[in-house]
Each structure stands twice: as C-alpha cells, then as structure tokens.
Amino acid sequence: MLTSYLAALRSLSRNARLYLISNAIQAVSAGALAIFYTLFLSALGFSKDAIGQTLFFGVLGAALGILPAGWFLDRAGWRATLIWSNLMGGAALLTQWLVPTLPVVSITSVVVGASVAMYLVVNGPLLTATSTPSERTALFGVSTALLFLVGVIGTLLGGVLPDWMASSAVQHSPLVVVLSPLLRADPHVRAYQLALMLAGIAAVPSLIPILMMREVRAVRAPRPPLAWQWDVGAWRERVAKARPLVTGPIGRFAVAQGLLGMGAGLYYPFLNIFFVEHLHATTTGYGFITSGQTVLIAATALIGSIVAERFGKLRFAMMAQAASLPFLAALGLAPVLALAIGLLLTRSAVINFGNAPLNAWYMEAVPAEHRGIASSVANGAWQGAWALGALAGGHVLDRLGYPGLFGVAAVLYAGSVSLMIWWFLRGNGKPRSIKDGLSLDLDLPARV
C-alpha cells in the first residue's frame, strides 16, 4: 500500500507538485476558518437562520460558479484559474473582516463560493493529467490524505487563535490599538476578527507555488467561431447529446450526491455551535476534536482505497455510508461531551472509508469525453443541495432541536445509500447503467 502511494507521488509532474504544495498551505487557513467562522457569525449576533442564510449564499455561489469555472479553465488554463480563485476568495474574506454585517457577509459569501468552484473544477483534470489509470486511485487518495493531514495544523490553529486573541495581552497590544478603528468594540467579537485576519494571512503564501506553475491549457478539439453559440440548431444538437447522460446514470448519481449534500449542509454548519454552545466545549477543545476527526479521515482515505478492492469499490463505499448512519443519528441525542466526541469520530472514520473508492468508481464509470459535464453535474448537485440544507438547517434546529437536526440528516443520507444500491448495485453488484471500461476523474468533496 505504501509503495503505491510513494510511486504515485514520484510520478507527479512539476505542476502537480506545486499544486499540492499550494493546496497544503491553503488547507491550514481553511482548517482554521472551519473551526470558528460560524462562531464568529454567532458572536456578531447573527441568528441561526441568518447563519444558515449566509452559508446558503456561499454554497450557492459554488454551485452557480461550477459551469463558468469550467468555461474559464478551458480558455485560461490551470494556473490562471487558480490565481483568480485565490484573489477572489481573499478579497471577499477581507471585505467580511472590514464590514462584518449580514448583507455584506451574505453577498461576499457568493464570491467565496465562486472561488471554491474554480478550485473544484481544476482539481480533477489536473490530477488526472498527471497520472496513469493504474496509479490514479492511489494519487487521489494521497491528495485527499495530504490535505486532511495538513488541515490538522489548521484546525489546531483555529481552536487556539480565538482564545489567544481574547487574552488581555493581545487586546491591549500596539497592533490591536492601531487596528482598533476597524475592529468591533466587543472584545469577544474583536477576538474572532483578529483570528479571521491571521487565518487569511496564513493563506497568502499559497500563491507562490501557483505563480511558479507553467501555464497549461486543456487540449480540446478546435472550436468553430463564436457565432456557433447563437445557432439554435447547434444548441439543440448539444442538448440532445447531453440529455441521455444527465437523465441517465450521471443524473442518477447526481441525485444521490444531492441527498448527501443536503444532509451535510443541514447539520455540519452547526456542528461547532453544537459542541461549543450546547455541550460547552471550549474553542480550543473543539479544535482538538476536529483535529482528531481530520486525522481519522486522512487515515481512512489511505486505507479505504486498498480494502475496497476486495469488496468492489461501489459496494464498499455503500457499506461504509450505511454503517455510519446510526452514529450520525445518535450524535444529536448525546447528553455529554465525551459521548458526542466518540460518536463524531467513529462516524467520520466509517463514512470516509468509502470516499476515495467512490471517487475511483465514478472515474471509471463514465466515458472520458464527458468528464466536464459529469464533474459539473455531480459537484453542482452536491454543492447546490448543501446550500439548501444550510438554509433549512437553522429552521430545523429552531423547531426540532439537535436530535431532530441530526436525525433528518441521517434520513437524507439513508435515502442516498438506498438509491445508489437500487440503481447501481442490484444483481451482480456491478454498475448496470454506466458503460464499463472507460475513465472519468472527479474529485468529490470529502463526506462529512
């Protein structure tokens, strides 16, 4: 197993290595933000409904940005797409730091989501172009594991930063005095603003490896002049060719991914509030909890792709998702912090055993010439459904409490597993509706 991963790393091109380095630096910043971002919004006085609305706009921006990001990638190349992704996301977060009001945060969250969409569209094709079919599963496993392992540093940083920034020494330091006109008067909110600033600064060096990349554009067949875009007949022909894919197996897979995305969006944005405000964990303590979760996810990403070969990739992925359901449903009922930690860590480890195998199965299941549309449909479905789940999560939480929130999420996950089994695993357990022997590379989001 280790030999396969080392071979995959050695085979990487210069661009791919620089890309992974950049991603690793960004993962530190993203891991920190994941710990305290919604706590920051809560400290600002945002209601749970308002927090859900903000997250909805962010993921909606990612869903709406998938197709334009693919168009931009085709024409500008990997390097330019990644640079614009970083600049857009950084500018939006800076605006939120300077003007942390609900309208501004909601609008700029759309821009942050669009920048994430640009990353998602680049990731699969770039890693695909630098690997052979035999090493592709290992490479995607290594990529996922690396980001999660580096993310441990970010989650630890995110747990420590708010408490550190709230200390008297920092609050009365010369730098904070200089920045005070830009900060809120409430020391609690101010601590989160300072933590947000440092997390953003930590992401700046990620631009250096991207600037060192050699510009590469995807190889495409020659396109007719732009006039073809207004040819109704040409559009009808393109739609007719795409319809069997979207309404067929790719569409079915997207529906299942949408249920997973909605379930994740329903509960995950409120997970840190659940631990910190409901179960009274400290922010630092929650950082350690999330770090442990990240380590488990990284380990299962490495192990799952190997174990899955014995059971079949899709069958193993569905077994993992099904086995995780009781732990998710029970999490909202946990009366004490220790039990909740155990349920969260167990559930995260179990479900992520199947993530890399599911990626690999989908890569192999769809014709190579349809990679773009398959990637857009699957990622768009997951992100869009996540946005709807986040929007509904605040309402569900206010009306049903945490037991209802986690319970409804578990039902959505169960629906996804049931549909995948019904559509793709009946009979001999092999995909019945997707053409075998062809390759598609899609990096699906880690299942949370």
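Helices here are DSSP runs of H or I with at least four residues, strands are runs of E with at least two, and both are numbered from the N terminus. This is a predicted model, where local features need pLDDT of at least 70, side-chain atom pairs count only at pLDDT 80 or more, and totals for chains, interfaces and linings use all residues. Residues are numbered from 1 along each chain as its sequence is written, and side-chain values use heavy atoms, leaving out hydrogens and water.

Start with a cartoon view: you get 18 helices and zero strands.

Now select Val99, in the loop between helix 4 (78-98) and helix 5 (102-129). Is Val99 buried, exposed or partly exposed? Its relative accessibility is 38%, so Val99 counts as partly exposed (buried is under 20% relative accessible area, exposed over 50%, partly exposed in between, with a 1.4 Å probe and protein chains only).

Next, go inside. Select Leu271, Phe274 and Phe275: of the 66 residues in the largest nonpolar core, these touch the most other members. Such a core is a set of buried Ala, Val, Leu, Ile, Met, Phe, Trp, Tyr and Cys residues joined through side-chain atoms within 4.5 Å. Color helix 18 (residues 371-424) too, as it supplies the largest share of this core, 13 residues.

Zoom in on Phe274. Leaving aside residues up to four places away in sequence, Phe274 touches Leu279, Leu331, Ala340, Tyr402 and Phe406 (contact means heavy atoms within 4.5 Å).

Last stop: another core lies apart from that one, with 19 residues, including Leu18 and Met213. Zooming back out, 54% of the 448 residues count as buried.
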